[in-house]
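Here is a short report on a protein model and its ligands. Keep the sequence and the 3D view open while you read.

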Amino acid sequence: MIPTRTQVAIVGAGPAGLLLGQLLHRAGIDAVIIERQSADYVLGRIRAGVLEQVTMDLLDEAGVGQRMHQEGLLHAGFDMLFKGQRHRLDLHALTGGQQVMVYGQTEVTRDLMDARRQAGLLTVYEAQDVSIHDFDGPAPRVSWRQGDQTHELRCDFIAGCDGFHGVCRASVPEGAITQYEKVYPFGWLGMLADTRPVHHELIYVNSPRGFALCSQRSHTRSRYYLQVPLSDRVEQWSDQAFWDELRLRLDPQAAGELQTGASLEKSIAPLRSFVAEPMRFGRLLLAGDAAHIVPPTGAKGLNLAATDVKYLAQAFIEHYQGASSAGIDHYSDRCLRRIWRAERFSWWFTSLMHRFPDNGEIGQKLQEAELDYLFHSQAALHSVAENYVGLPLNFGESAALG
Ligand code: RFL
Ligand code: PHB
């Protein structure tokens with residue numbers, strides 16, 4: 001039975017929506033999730049792979065961290081390959097002991113879906129024509145269709161967790177929102193394969209042929225990416241063509257050790273930097289990709305979605321415990337500070353590692369000079385490492401830093 005009223009209506013069952021649902025449930029707050037796709041479709045999207053400590057902590061707090069700790073891979077560093085040579089960036093040493101967790105977004109989503117099912121909580125999948133109403137007043141509503149049945153859910157708040165192409169941000173009147181956007185002139189072609197990863201850590205590659213990334217999902221499952229022109233179609237790329245091009249972008253040792261095999265999935269994702277300000281409009285609050293997109297180079301997208309959700313859950317809990325509405329009032333400002341820092345890092349890392357068609361030979365030389373500088377400067381290495389593992393939640397909040 002679908003209720004007609006809940007406290008928080010969550011639009012979108014990606015990691016942001018599911019994590020918010022779980023945190024609210026643990027605090028005794030009622031929420032219904034409305035998702036456009038089927039559960040299988042959501043689980044079939046291969047996306048992020050790297051979790052920051054803040055995200056790991058939040059998954060633990062939500063009670064869904066168990067499998068991540070068993071099956072996830074802690075990484076204490078990664079390699080950067082430029083001018084044909086690999087250099088290791090030691091995250092652990094540079095950040096006083098921090099690491100990142102390699103654990104796929106698909107697995108995070110599966111863990112959250114399982115927890116939701118076990119708790120008997122409602123997610124409406126395959127909802128058509130989802131619309132949100134009256135969020136600028138005291139009684140917002142969400143409506144949708146399923147077959148020839150129309151449903152309406154009344155609520156106190158709407159959490160817009162419906163990703164970049166969702167309905168929530170699009171429903172805000174144009175004059176009430178400012179959007180900042182940069183679209184990069186290339187995409188990432190990703191491939192998943194049941195082959196032994198070429199290296200035990202990630203390799204980020206700057207090559208005159210374009211960027212490449214060697215990532216993984218387990219000791220037996222690899223995830224690789226190639227920078228490709230936006231005009232490329234995934235059908236143009238046979239598995240063989242992918243492996244051949246990847247080999248050409250790697251150093252001789254990695255190229256020699258690369259294990260190839262049939263792809264389980266291949267897809268092309270465009271790269272974009274995007275921020276919508278503010279993130280709250282009356283009783284509608286946006287979180288995750290609905291409000292911002294980073295190019296995936298810095299591995300920040302899912303982690304930012306998780307921190308938005310942390311702040312949003314705290315704000316709702318404060319509100320319902322009758323303590324204060326300060327969390328809701330300050331939600332947008334609190335998130336945006338962290339978001340812009342991650343946008344800056346992701347843009348910088350993308351600019352450093354990709355081939356930009358208009359920058360020519362000098363562009364390549366300048367990138368190589370910057371990479372060479374990076375690996376000879378402790379200060380520069382430290383800066384990359386602290387951003388990659390994720391800046392502390394209270395970064396910049398001390399009196400000294402303003
Ligand atoms: P999602 O995952 O897009 O989920 C939104 C959900 O909303 C649903 N939806 C609707 N539901 C109802 N009504 C509507 N009108 C709706 N419209 C949409 C959608 O079906 C979907 O289920 O957003 P969310 O939850 O904010 O999560 C964000 C992350 O998915 C995203 O930031 C990351 O995947 C980004 N990302 C990475 N992030 C990292 O932190 N580390 C990484 O290593 C990393 N690698 C990546 C990435 C993204 C990539 N792609 C494909 C863009 C690698 C790639 C290649
Ligand atoms: C991934 O494994 O999908 C991945 C890892 C690191 C990134 C982006 C994507 O920076």
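## Terms and source

Two strands pair if DSSP finds at least two bridges between them. Helices (H or I, at least four residues) and strands (E, at least two) are DSSP runs, numbered from the N terminus.

The model is predicted: local features need pLDDT of at least 70, side-chain atom pairs count only at pLDDT 80 or more, and totals for chains, interfaces and linings use all residues. Residues are numbered from 1 along each chain as its sequence is written, chains are lettered from A and ligands numbered from 1 in the order in which they are written, and side-chain values use heavy atoms, with hydrogens and water left out.

## The sheet

Strands of a sheet pair through backbone hydrogen bonds, either parallel or antiparallel. Here 8 strands make an open sheet with mixed pairing, in the order 6-5-14-15-16-13-17-20. Strand 6 (85-89) and strand 20 (292-293) are the edges, and each pairs on one side only.

Strand 15 (residues 212-216) and strand 16 (residues 222-228) run antiparallel, joined by 5 bridges. A212 has L226 in strand 16 as its bridge partner.

## Ligand 1

The shell around ligand 1 holds 32 residues (near means a heavy atom within 4 Å). The closest are E35, R45, Q105, D289 and L302. By class, the shell has 15 nonpolar, 10 polar and 7 charged residues. Ala, Val, Leu, Ile, Met, Phe, Trp, Tyr, Cys and Pro count as nonpolar, Asp, Glu, Lys and Arg as charged, and the others, Gly among them, as polar. Helix 1 (15-26) and helix 9 (301-320) each supply at least two shell residues. Helix 9 gives the most, with 3.

Polar contacts are pairs of N or O atoms within 3.5 Å. The side chain of E35 places an N or O atom 2.6 Å from an oxygen atom of ligand 1. A backbone N or O atom of L302 also lies 2.6 Å from an oxygen atom of ligand 1. The protein buries 90% of the 1100 Å² that ligand 1 exposes when taken alone (Shrake-Rupley method, 1.4 Å probe).

## Ligand 2

Y204 has a side-chain N or O atom 2.8 Å from an oxygen atom of ligand 2. The side chain of R217 makes a contact at 2.8 Å to an oxygen atom of ligand 2. A polar backbone atom of T297 is 3.0 Å from an oxygen atom of ligand 2. On its own, ligand 2 has 280 Å² of accessible area, and the protein covers 97% of that.

Technical notes. Polar contact = N/O pair within 3.5 Å; in protein donor to acceptor, adjacent residues only side chain to side chain.
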